[in-house]
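Please look at the sequence and the model below.

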Amino acid sequence: MTHRPPAPAALLAVLAAAALLAGCAGGSAPAPAAAPESAPPRVTAAPSTTEPASAPGTASPALLVTDFGADTVTFVDPARSGAAADLGSVRVGTAPYGLAVAPDGTAWVATAEGVAAVDTATRTRTALIPYRTRTGPVATGEYRGGGMGLALSPDGGRVYVGVNVPGGNGALEVVDTATRTVTEVVPVGRRPFDVDVSADGRQVYVTDHDSFDVTVVPTATWEPRRIEVAPYGTEGGPGSWLKPHYTAVRPSDGALLLPFEGERLAVVDPATGRVTVEPMTADTHQHGVATAPDGTLYAVGTGPIDPATDAGPSLTIRSPDGTERLVPLDGPHETVTLSPDARTAYVSGGFTREGGWDGLTLVDTATGRATRLPVGRLPLAVAVLPPRPGA
């Protein structure tokens with residue numbers, strides 16, 4: 001599959017105007033940085049419904065979502081239908097973005113004001129840790145300063161948060177979860193959408209949206225190393241649509257997986273910096289990703305850049321052998337999280353551009369059955385809560 005040809009001048013003007021609102025702005029695309037190394041993946045379409053119903057699958061763990069359209073996190077019971085699934089909210093700070101929940105039930109949330117800690121058992125905020133990086137006035141919206149991507153170290157001792165500095169390079173801030181203080185500040189690229197950690201905890205990966213790269217940060221030295229990830233090139237700079245958004249770490253070998261436009265999957269070796277490109281089939285602008293233990297990749301398609309040539313929102317389910325199933329989604333979505341048994345994908349409706357909605361779509365990963373669940377306020381990140389003792 002090849003990328004769309006350059007649009008006519010009138011359409012380019014429309015896309016340029018949209019770029020001022022969207023942050024994933026359009027631009028012409030040069031040839032890819034690396035040629036596909038495998039045959040195009042096989043693709044089948046999965047059925048979809050939007051009927052109000054309880055969650056698919058046999059297990060329905062409680063969830064927590066960040067309300068990017070508010071200043072709260074919301075507790076969710078996906079086994080309940082409709083509004084009954086919304087179990088209430090806790091204020092954490094302005095425009096919460098990334099989220100991770102520790103085994104002890106503490107939720108760590110990246111907000112515009114600082115990193116919030118929430119006791120999910122008592123449903124109270126227990127800390128708001130300010131950033132050491134200056135990010136300007138507290139604001140809302142896609143371009144706001146403050147925390148974006150967030151991840152926990154495997155031992156739960158550290159929180160890693162990507163801090164956006166509007167108009168400039170960002171930072172990775174390291175929070176000690178015991179002392180609840182920032183212990184390290186590491187320079188990274190522009191707009192750190194996502195933060196991931198290697199399975200052994202020795203490296204942190206920061207996906208820098210506006211600088212076309214992933215910053216690899218060894219936890220032994222904190223010396224950052226940049227890997228450019230630009231399968232369409234970097235023409236257009238921060239105004240380009242064709243930038244990295246979210247990264248998944250492949251369980252089998254630790255490779256980094258970054259989908260682009262439902263057309264190209266960038267596979268990054270974090271040790272060597274080598275980037276290879278594999279074909280994808282959804283033909284839609286892609287954001288959030290997750291991997292199952294067996295290596296199956298889930299990628300959220302937010303919708304078309306050019307409605308005349310691109311496909312609508314979808315969830316790609318890509319097997320390790322490259323076979324893809326596409327589940328149509330009703331409207332734009334942002335991120336995806338899997339249930340512990342990987343039988344349900346929780347896809348957030350809090351798309352940061354126009355078209356986001358207040359809810360989740362629950363996808364049965366075996367059948368493709370999709371169920372919309374109205375919860376939260378533009379929910380962006382989703383985390384599965386650990387079982388409560390005695391539950």
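Predicted model: local features only at pLDDT ≥ 70, side-chain atom pairs only at ≥ 80, totals over all residues.

Strand E10 covers residues 158–164, and six of its seven residues are buried, so the rest of the structure largely encloses it. On one side of the pairing is strand E9 (residues 146–152), which runs antiparallel to E10 and is joined to it over five bridges. Within this pairing, Leu 152 has Val 159 of E10 as its bridge partner. Five residues separate the two strands of this hairpin, and Gly 156 there takes a positive phi near 75°.

E10 also pairs with strand E11 (residues 171–176), again in the antiparallel sense, over six bridges. Here Gly 162 stands opposite Leu 172 of E11. The hairpin of E10 and E11 has six residues between its strands, and in the turn Gly 167 has a positive phi of about 85°.

The structure holds five aromatic pairs. One of them joins Phe 68 and Tyr 97 edge-to-face, with 5.8 Å between centres and 85° between the planes. Phe 68 lies in the loop between strands E2 and E3 and Tyr 97 in the loop between E4 and E5, 29 residues apart. Phe 68 is buried at a relative accessible area of 8%, and Tyr 97 is buried at 5%.

Tyr 232 and Phe 260 form a tilted pair, 6.5 Å centre to centre with 55° between the planes. Tyr 232 sits in the loop between strands E16 and E17 and Phe 260 in strand E18, so this pair ties together parts 28 residues apart in sequence.

Two arginines also meet rings. The charged end of Arg 123 sits over the ring of Phe 75, 4.3 Å from its centre, and Arg 372 lies over the face of Trp 357 at 3.7 Å from the ring centre.

Notes
Residues numbered from 1 in each chain as written. Heavy atoms only, no water. Buried < 20%, exposed > 50% of the residue type's maximum accessible area, 1.4 Å probe, protein only. Helix = DSSP H or I, 4+ residues; strand = E, 2+ residues; numbered from the N terminus. Pairing = 2+ DSSP bridges. Phe/Tyr/Trp six-rings, centres within 6.5 Å; stacked < 30°, edge-to-face > 60°. Lys NZ or Arg CZ within 6 Å of the ring centre and 35° of its normal.
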